[in-house]
Amino acid sequence: METNLMTLEDALGQVPYRSAVGALLFQLADDDLLIGFRDTEWLGLAPHIEEDVAFGSVSQEELGHATYYYHLLEDLGFGRADDLSALRPAQDRRNAVLLEMPNGPGVFLDDPHYNWAFTVARHYLYDVYAMVRLGDLLESSYQPLRDVAIKVLREKRYHRTHHELWVKTMASHSDDARKALAYAMTEAYQATGDLAHDGGHRESFEVFSIWPRVGTVGQRWHEEVKAFLEPLGVYPSGVAHSLAINGRNGEHTEHLVSALQILSEVYRLDPTAQW
Amino acid sequence: MDRLHEVEEILKTVRDPEIPMANIVDLGMVDAVDVDDEHIFVRLMPTFVGCPAQRVIIRDVEKALRDHFVLAISVEMGMLTPWTSDRITEEGRAELKASGIAPPGATLDDVACPFCGSEEAVRENLFASTSCRSLFYCKACRNPFEAFKPI
């Protein structure tokens, strides 16, 4: 199927197209910003020094992806990239709720008791979704997004490989590890109701070929996740995921409010400062 | 030497800030160079999307060119051509080894110790000190070493 490729100039000249691309970019950017931020909260606290090192790179890459998308939004005239990442309130955010959930009880500076099994489960589930979505976006009609998709996809592949290894290791190491992981996987899975939700933009994503396969992304994600987790005995079968809070529609928890408050604190001291 | 060639020679003096022996040309980071009587335009490719060295590299390229030419200089990072690790030239691979980093293999574990050449290495971590590297331990000479990830 021939897709009419759209450049930045083309998009700027077509209001409905620009609006639809913007909606997708906000999902992409907010997703990677939030998981990148949650990943940074493990620095100094990871259960193994090598994991601390790994998360340094993983979080940098997630935030790098977010930064790139915020710059695409800036090019489209949605505002300055730094302002979009730091100043938008929770109700304007379009990330999936799974990604704003805390790593565990406590806050980074005050008695954190983060849950490694939950972090592994959350990251694995997101890494698979990110890859399915990016694979689709290789065919996006929006040229600037299509161009970067392959780079982001290759980096996400390494994240997924890393977390698949953790899932396999925890699932086969000991009864305690498998139970902890199974429990965490159930918790994380329950929060994925909005992960593949289109935020009401399905029609425009399809009609404009921005994301033609959006309609089946959830199903394809689910198939990959089930195929991997079931043989390991940690697939949360029978567990329904809830759409009670739909992050794609700007519905969020207080966890997002506190995460945004922390990650934007320095920037908000002086948004006009030159960094 | 024509001007295009001159620009390319100047670009070879710009090193990756985190890989002391390697220059950006041999790392395959130069996508396009355009020269006319008034302008020099250079488009580079980031190795990893979030690489924090990007701005430093742009600045270093601008400075190197400005020190040598009076033409208008324009340098940018672009995604038109995605950077892949197979763009690293043979010279680039030698430069990585000289920096103590094993050049990328066909697969993740297809690496040799940059210190002793042994292929008996154990991968300790998919992620090392920067995005682009993994961490290995050489069982022969017992040194840890980093390896460039194939991407």
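Predicted model: local features only at pLDDT ≥ 70, side-chain atom pairs only at ≥ 80, totals over all residues.

Reply: Residues are numbered from 1 along each chain as its sequence is written, chains are lettered from A in the order in which they are written, and side-chain values use heavy atoms, without hydrogens and water.

Me: How many helices and strands are there in chain A?

Reply: Helices (H or I, at least four residues) and strands (E, at least two) are DSSP runs, numbered from the N terminus. Chain A has 11 helices and 0 strands.

Me: What does the radius of gyration say about chain A?

Reply: The radius is taken over C-alpha atoms, and the globule rule is 2.2 Å times the number of residues to the power 0.38. For the 275 residues of chain A the rule gives 19 Å and the radius of gyration is 18 Å, so the chain is as compact as a globular protein of that length. The C-alpha trace spans about 60 × 45 × 35 Å along its principal axes.

Me: Which span should helix H5 of chain A have?

Reply: The expected span is 1.5 Å times one less than the number of residues. H5(A), residues 116-137, has 22 residues and should span 32 Å; its end C-alpha atoms are 31 Å apart, which agrees.

Me: Is H5(A) largely enclosed or open?

Reply: Buried means under 20% relative accessible area (1.4 Å probe, protein chains only). In H5(A), 21 of the 22 residues are buried, so the helix is largely enclosed by the rest of the structure. In chain A, buried residues make up 52% of the 275 residues.

Me: Which residues lie nearest the centre of the largest pocket?

Reply: On a 1 Å grid over the protein atoms alone, a pocket is an open set of points where a 1.4 Å probe fits, with protein on both sides within 12 Å along at least five of seven lines; lining residues have an atom within 4 Å of a point. The largest pocket is lined by 47 residues, with A:Thr67, A:Tyr68, A:His71, A:Asp82 and B:Arg55 nearest its centre. H3(A) contributes the most to this lining, with 13 residues.

Me: Which helix gives the most to the lining of the second largest pocket?

Reply: H6(A) does, with 5 residues. Chain B also takes part in that lining, through residues including B:Arg123 and B:Glu124.

Definitions and conventions. Buried < 20%, exposed > 50% of the residue type's maximum accessible area, 1.4 Å probe, protein only.
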